[in-house]
Amino acid sequence: MINIVIFGPPGSGKGTQSKKIIEKYGYTHISTGELLRQEIASGSELGHQVEAIISKGELVSDELIIDILSNELDRLGNVPGIIFDGFPRTLNQASELKNMLSDRGTAISALLFLDVPHEVLIERLLKRKSIDGRADDTMEVIENRLRVYQQQTAPVVEFYRKQGKLRTIDGTGSVDEIFNRIDKVLQELQ
Ligand code: B4P
């Protein structure tokens, strides 16, 4: 079983590249951002709580997201491969993921780190705001999401570097150019 983490700051193209990977390799996509947006759309009490956090650009609690992810893994059962998109976002989530996968007899194969400069991230997210109107894509919230990323999420890279699983991908250029770089790494893992 191949388990990939697609990783990078907000707007680095995790969701965009995940779609391309799934098309070619047929892996199962788990996007914690999508799972949270579904919870919000359901109108549940939990969804209201989640909405208040996401709209400020903060992370939801590790406890909540680990719970959601663990349920999702149980629901999926045995699949040939998984792309974790937007998870882990803290060191605690990274070590919990290691335990959850080891309990299921598997492990992360590689973390693909999409490396994109700050100004390109802001440009992409503001463009998405004008197309999709996502509530957390306003300038103020984007700045906070990038701050939260630097403080809480960026250290996750070291966790995987130490295990020899870090693969850094130049995340600039066209969607297809970036995918070709990712594809080379994935072919080595097959
Ligand atoms: P996510 O849904 O993961 O949002 P993201 O980081 O903004 O998205 P991504 O990097 O996937 O960007 P995309 O491909 O869409 O999370 C949303 C929120 O949920 C978080 O802020 C947090 O509050 C919460 N959350 C999620 N997971 C959590 C966790 N584990 N723990 C706690 N909280 C959690 O690309 C962005 C834009 O760029 C798109 O419009 C795309 O079209 C464009 N783009 C992509 N590639 C491009 C390219 N090469 N050139 C030009 N444009 C490009």
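Visitor: Which residue has a polar backbone atom 3.0 Å from a nitrogen atom of the ligand?
Guide: The model is predicted: local features need pLDDT of at least 70, side-chain atom pairs count only at pLDDT 80 or more, and totals for chains, interfaces and linings use all residues. Numbering starts from 1 along each chain as its sequence is written, and side-chain values use heavy atoms, leaving out hydrogens and water. The backbone atom at 3.0 Å from the ligand nitrogen belongs to G173.

Visitor: Which helix gives the most residues to the shell around the ligand?
Guide: The shell has 30 residues, the closest being K14, T32, E58, R128 and R145 (a heavy atom within 4 Å). Helix 1, helix 2, helix 6 and helix 9 each supply at least two (helices are DSSP runs of H or I, at least four residues; strands are E, at least two). The top contributor, with four residues, is helix 2.

Visitor: How much space lies in the largest pocket, where the ligand sits?
Guide: The ligand sits in this pocket (more than half of its atoms within 2 Å of the grid points). A pocket is an open set of points on a 1 Å grid over the protein atoms alone, where a 1.4 Å probe fits, with protein on both sides within 12 Å along at least five of seven lines. Volume is the space filled by probe spheres on the points, here about 1,300 Å³.

Visitor: Which helix gives the most to the lining of that pocket?
Guide: The lining has 48 residues (an atom within 4 Å of a point). G11, G15, R128, R134 and R145 lie nearest the centre. With seven residues, the largest share comes from helix 6.

Visitor: Is the peptide bond from F87 to P88 cis or trans?
Guide: P88 is in the loop between strand 3 (81-85) and helix 5 (91-103). Most peptide bonds are trans. With omega near 0°, the bond from F87 to P88 is cis.

Conventions
Polar contact = N/O pair within 3.5 Å; in protein donor to acceptor, adjacent residues only side chain to side chain.
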